Structures are given as C-alpha cells and as structure tokens.
Amino acid sequence: MFMFSVFTSLLIYFAGVYVFSSKRKHLLMVLLSLEYIVLSLFMLVIVFLIEFDYDYFFSCYFLVFSVCEGALGLSILVSMIRSHGNDFFNSFGLSLC
C-alpha cells in the first residue's frame, strides 16, 4: 500500500509539472497546475508521516502555506484581469507590470 501511494502521488506530481510546463499561456492554468502539484506533495507528505509514525504538525503547516500561496495567486489573477482584461501572458509585457 505504501508503494502504491508513493507511486500515485509521484504520478500526480509529474502530471502537474507537465501541465505547468506545457500550458503556460493562461495564468489560471498555471495556478491550477501549481495547486495540483502542491496537493500531490501534501499527499506524499501524509503518506510518509503515516508510514514512519511521525506527528502531523508539519502537514498543518504545509496546508497553511499552500492556502496562502493559493490566495496570493488568485489575488494576482484578479488584479491582472482587472488591469489587462484577460489572463494571457502574451497580452502584456512583463516590464509593464
């Protein structure tokens, strides 16, 4: 069961990395793939904490920081849509932000 969980979480992680590297024209897709990667890393952390019988405090800290990362990404998305009208990376120059 341990190896299946590790394999599944690593498969999810590499699928998220593939989407992150291939679908980078929209900011929303980049943010969703980053959340997907964070979710797979959280699953991997939980599996290792269960397997080696550690405390779960690290998983709580990990969830807090991942929620903060998601909120920051959504605020950047909202400000970008308000200022430029869409979430395409090609519609504006990075030097203008």
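Helix α2 meets helix α3 through L27, L28, L31, L34, E35, V38, L41, F42, V45, I46 and L49 on the α2 side and F58, S59, F62, L63, S66, E69, G70, G73, L74, I76, L77 and M80 on the α3 side, contact meaning heavy atoms within 4.5 Å. This is a predicted model, in which local features need pLDDT of at least 70 and side-chain atom pairs pLDDT 80 or more, while totals for chains, interfaces and linings use all residues. Residues are numbered from 1 along each chain as its sequence is written, and side-chain values use heavy atoms, without hydrogens and water.

**Packing of α2 and α3**
- Helix α2 covers residues 27–51 and helix α3 residues 57–84; they pack at about 180° with axes 11 Å apart (axes are lines fitted to C-alpha atoms over the stretch in contact, and angles run from 0 to 180 degrees between N-to-C directions).
- α2 is therefore roughly antiparallel to α3 (over 145 degrees).

**Helix α2**
- The buried residues of α2 are L27, V30, L31, S33, I37, V38, S40, F42, L44, V45, V47 and L49 (buried is under 20% relative accessible area, 1.4 Å probe, protein chains only).
- Their cover includes α1 and α3.
- D53, with a positive phi near 60°, follows α2.

**S5 in helix α1**
- S5 lies in α1, residues 2–22 (helices are DSSP runs of H or I, at least four residues, numbered from the N terminus).
- S5 counts as buried because its relative accessibility is 17%.
- The S5 side chain reaches the backbone oxygen of M1 at 3.0 Å.
- Beyond neighbours within four places in sequence, S5 is in contact with M43 and V47.

How values were computed:
Helices (H or I, at least four residues) and strands (E, at least two) are DSSP runs, numbered from the N terminus. Buried means under 20% relative accessible area, exposed over 50%, partly exposed in between (1.4 Å probe, protein chains only). A polar contact is a pair of N or O atoms within 3.5 Å; within protein, one must be able to donate a hydrogen and the other to accept it, and residues adjacent in sequence count only if both atoms are side-chain atoms. Angles under 35 degrees count as roughly parallel, over 145 as roughly antiparallel, 65 to 115 as roughly perpendicular and the rest as oblique.
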